[in-house]
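Got your viewer open and a way to select residues by number? Good, then let's take a walk through this protein one stop at a time.

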Amino acid sequence: MTASEENTTLFPIFIFSLLALPLVPYTIFQLYHLATKKARIAKCQCSVCLQSGKYRKSIFRRISNFSTYNNLTLLMLWVIMVMLAYHIKSSSHEVEIFEPFSILGLEHGATDSEIKKAYRRLSIQYHPDKNPDPEAHNYFVEYISKAYQALTDPISRENFEKYGHPDGRQGLQMGIALPQFLLNIDGTSGAVNLLGIVGICIIFPLVMAVMYLSVSSKYTGNYVLKHTLSAYFYLMKPSLAPSKVMDVFIKAAEYMEIPVRRSDGEPLQRLFVLVRSELNLDFKNIKQEQAKFWKQHPALVKTELLVQAQLNRESGCLSPSLQHDFRRILEVAPRLLEELMKMAVLQRPPHGHGWLRPAIGVVELSQSIIQAVPFSARKPTGGSIEGIAPFLQLPHFSESVLKKLARKKVRTFEDFRELNQQERAELLTKVAGFSPAQSQDVETVLEMMPSISFDIKCETEGEEAIQEGDIVTMRGWVTLNRSNHMIRALPHCPNYPFHKEENFWLLLADPNSNGVWISQKVSFMDESAALIAAPKVIRESKEWAGASPKELNAAVKEAIEKVKSGSRLVIGRFLAPEEGTYNLTLYCLSDSWLGCDTKMSLKLKVLKRTRAGTRGVQVEEGAGIEDGGEEEEVEEDEYDDVESEYSDDEEHEDETQEIGDDSDNKED
């Protein structure tokens, strides 16, 4: 084989090796990650969710789920590797051993006369004077002549016997793993090859990198435009009422880029009539309010009306073009709401606290969008501070059904959940007129609804009581429980057309000052990450405390069991405030479910800093943990001041201003 042929053969091998080095380990990792996914994600099996088609496992949905950029790229690379392997196998040649007797057609031990006869016979057939074929000439020179020389010339024969070749020891041949056309750099072809190499190896990667950086620089890690974060940061206010969060939410740059077509005018007018009662309009001056509403930026008007179409379940009246915009708005809504929540709880001077009131408003807006529940349904009615909204997330429920249930003194969602399964079935079939299948749908959804419990402690590590300026650590476990004993589950949301994982926001806040001291997002979907993080933190804390190896292993084993049973470790730190007693509240708010929010009272006592005094934490827990229920009267009033849903916004602003004045006087 010539050197040029060898270089051409080496190039596919070189490319094959470059692909195999990262691709094989990455594929093994992906397969291992897929095989070790033991936890199953539960999906709602009620008839409403099944009819919505969200989780229908059709062949097209399976293909679309598989057809992600990562999977398609991985598959394409493996196809290229298989093609390269086939090409290498078909073009490879075995190394030929120089055998002079075989070349001359003789057996080992042939005499000199037999060697000469065989040489003359082959010369007549392959000699250049007898055969003008170039391949025959090459075969005669490289093989026949050298074979005859190896067997007749004493020096050549000695070299053959020692080194296996008549020319003596053969040196190691080096090749370049590049195609032959890149090595023939001469004249015009050389200039073209050089330009090709520069363009493919330098200019093309640089252009792709510049394009990627120019696009990615506009987005955050959560795929939200940075202009959106700037707008949210500027518009977020501590006194922002929950009903006003919508006005901030729709000003995202993603929504401003949605095109406004002339053909959208008439369908939006009809939609406005359907959702007008849910808009923040003063009905005493309805004409002026309507004119003011339509004078807003067209993208804002369109976005707010389409969001209201989701909340009021009026998407059926939208035109095909509006349906496309409607789905686009809902698809990015969870990411935008998460960033809006981060803006609400962002620590700000002078105390380094976030704002509780807008944070609760963001969570309420997220719940309403996912469950398609209007704002008016959240107004307090009867003994429920959440109104009828939690009922409306259940399948087959409506306001007429709730009126029938109210006659049997089932006024709150907590009362309804506290009934046993038989009592609920009788109530729904006999009073509400449900069929047994509809009643079973309600039970299916109730079994999926989460219940959150806390085991939280606040302490200064290594000390016994708190003093001013200490770093206080909040540490503990948040546990999720369901009636169906599932941990990982997708929420029941048939009116939300996309895959949505449930998340929870843990907030340690002071309702009196509207301050959020600690905020943390808690997810129960990724068990593998929790199994890595929780034992690591427990091990480090135990080692710092000087625990023995036996105690250390027991603590790590206990942490692993807690994670597998549905608990997540939460840790947060804050700076101890001035001397005094603080009545704090620990909230756990769901971004997907209504009526599943949990809160717990914490009393934090901070001592005055002294040189000889003890340091640490004194925390008194409240009477207990309540799942969306009522606390003591004083605490309920404080909670209502912050989270009162959609009453007069001006009253909320006045109350917040008074609270701010009182806190300023206290600091003075």
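Start by selecting E502: this residue is buried, with a relative accessible area of 1%. What joins the side chains of E502 and R482? They meet in a salt bridge, 2.1 Å from N to O. Both residues sit in the loop between strand 3 (471-481) and strand 4, yet they are 20 residues apart, so the pair counts as a link between distant parts of the chain. Keep in mind as you click around that this is a predicted model.

Stay with that loop and pick K500, then D591. These two form a salt bridge as well, with the closest N and O atoms 2.9 Å apart. Here the partners are 91 residues apart: D591 lies in the loop between strand 7 and strand 8 (598-606), while K500 is in the loop between strand 3 and strand 4. Buried or exposed, what are D591 and K500? Both are buried.

Next, jump to D264 and R261. Their salt bridge has its closest N and O atoms 3.5 Å apart. Color the two by accessibility and you'll see a contrast: D264 is buried at 0%, whereas R261 is partly exposed at 29%. Together with R261 and D264 they make one network, joined by salt bridges that share partners. The count for the structure comes to 16 salt bridges.

In soluble globular proteins, nonpolar side chains tend to be buried together. To see that here, select F249, Y255, L305 and L507: in the largest nonpolar core, which has 60 residues, these four touch the most other members. Several elements give two or more residues to this core, among them helix 11 (226-235), helix 12 (245-249), helix 16 (298-311), helix 17 (320-344), strand 4 (504-510) and strand 7 (580-590). Which element gives the largest share of this core? That's helix 17, with twelve residues.

Zoom in on Y255 and show what surrounds it. Setting aside neighbours within four places in sequence, Y255 is in contact with F249, I250, A299, T303, I329, V332, A333 and L336. There is also a second, separate core of 31 residues, and C46, L392, V401 and M449 are included in it.

Then try C493, which is in no disulfide either; its nearest cysteine sulfur, in C49, is 6.8 Å away. C493 is also buried, at 1% relative accessibility.

Most residues other than glycine have a negative phi, and most peptide bonds are trans. Select Y223, in the loop between helix 10 (187-216) and helix 11. Y223 is not a glycine, yet it has a positive phi of about 55°. Its relative accessible area is 60%, so it is exposed. Then move to A372, in the loop between helix 18 and helix 19 (389-392). A372 isn't a glycine and has a positive phi of about 55°. Buried or exposed, what is A372? It is buried, with a relative accessible area of 1%.

The peptide bond from P349 to P350 is cis, with omega near 5°. You'll find P350 in the loop between helix 17 and strand 1 (354-355).

Last stop: color the model by confidence. The protein averages a pLDDT of 81, and 80% of the residues score at least 70. Where is confidence lowest, and where is it highest? It is lowest in helix 26 (residues 633-643), at a mean of 39, and highest in strand 4, at 95. Finish by selecting residues 613-668: the pLDDT there is below 50, and this stretch has 115 contacts in the model beyond near neighbours in sequence.

Key: Residues are numbered from 1 along each chain as its sequence is written. Side-chain values use heavy atoms; hydrogens and water are left out. A nonpolar core is a set of buried Ala, Val, Leu, Ile, Met, Phe, Trp, Tyr and Cys residues joined through side-chain atoms within 4.5 Å. Buried means under 20% relative accessible area, exposed over 50%, partly exposed in between (1.4 Å probe, protein chains only). Helices (H or I, at least four residues) and strands (E, at least two) are DSSP runs, numbered from the N terminus. Contact means heavy atoms within 4.5 Å. A salt bridge is a side-chain nitrogen of Lys or Arg within 4 Å of a carboxyl oxygen of Asp or Glu. A disulfide is a pair of cysteine sulfur atoms within 2.5 Å. pLDDT is the predictor's confidence in each residue, from 0 to 100.
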